Amino acid sequence: MPSPPRPDPDVDPDSRPDDGLPTSPDDPRIEVRRSRRRKRTVSARVEGRTVVVLMPAGLPRAEERRLVVDMLARLRRSGRRSGSRASDEDLMRRATTLSARWMDGRPRPASIRWVPAMTTRWASCSPGSGEIRVSDALREVPSYVLDYVVVHELAHLVVPGGHTPQFWAEVRRYPRTERAMGFLEAYARTPGPAGDGAAGGGEGVGDLVQDDDSRADDSLADDQGSAHGPDLTADRR
């Protein structure tokens, strides 16, 4: 007998709940999207005033209702995802705040903006122009994870030339680096846009996670920019 679908364990305990979220599974603002590609996981996100619940196709109605109730409770506890409706201006304010708080205000990006989700990359930075781009695939991650990605890209403006020990020392001034890297490693394995990352010429989980071998030897070109897909993390062996 197959195991019942399980909710994705990606709730940010530090997000603030939104009192305007639906509380009943019969609320017309709830949209259930069924997918034959999903086998065991259920997730939910807020799109404007609508809660979208994604689940495997073919479940009994009673099971669907139970899962909707569970995901509504999780959303109330965790709040909306940090970037779900954020504009480019919001992203710049976030970068400015993070720069001042954790990096002494040294990195000053010329621009930071959301870009459409791509295929292998999640974020990128061009130190020459000071431009930072963040994939729409990261709009649904917890706020501390988005903060980490932004800090990671800001660090490229302070220490251009790749993921050197000096670069990682800058990144690790952000106190939730380890936790965010762990989240991204798991996030990269989920099916769909989240796991696929963001598109070419950026950084994926392999760049966004620091692995021991790369501490001494990493060579992303600085004027050509850094690009991160599933490599914004560091192997903690």
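Mentor: A helix here is a DSSP run of H or I with at least four residues, and helices are numbered from the N terminus. The model is a predicted one.

Trainee: Which residue just after H2 takes a positive phi?
Mentor: Look at the position just after H2. The phi there is positive, about 60°, and the residue is Asp104.

Trainee: What span is expected for H2 at 1.5 Å a residue?
Mentor: H2 has 15 residues. The expected span is 1.5 Å times one less than the number of residues. From first C-alpha to last, H2 reaches 21 Å, close to the expected value of 21 Å.

Trainee: How wide an arc do the buried residues of H2 cover around the axis?
Mentor: Leu91, Arg94, Ala95, Leu98, Ser99 and Trp102 are the buried residues in H2. They lie on the same side of H2, because their arc around the axis is only 130°.

Trainee: Which elements do the buried residues of H2 pack against?
Mentor: The face turned away from the buried side carries exposed residues, among them Glu89 and Arg93. The buried residues of H2 have packing partners: S5, S7 and H3.

Trainee: Which element gives the largest share of the largest nonpolar core?
Mentor: That core has 37 residues, and Val134, Leu138 and Tyr148 have the most contacts inside it. Elements giving it two or more residues include H2 (88-102), S7 (131-135) and H3 (143-158). The largest share is nine residues, and it comes from H3.

Trainee: How many residues are in the second, separate core?
Mentor: Val42, Val53, Leu72 and Leu75 are among its members. The count for this second core is 14 residues.

Terms used:
Residues are numbered from 1 along each chain as its sequence is written. This is a predicted model: local features need pLDDT of at least 70, side-chain atom pairs count only at pLDDT 80 or more; totals for chains, interfaces and linings use all residues. Side-chain values use heavy atoms; hydrogens and water are left out. A nonpolar core is a set of buried Ala, Val, Leu, Ile, Met, Phe, Trp, Tyr and Cys residues joined through side-chain atoms within 4.5 Å. Buried means under 20% relative accessible area, exposed over 50%, partly exposed in between (1.4 Å probe, protein chains only). The arc is that of the directions from the helix axis to the C-beta atoms. Contact means heavy atoms within 4.5 Å.
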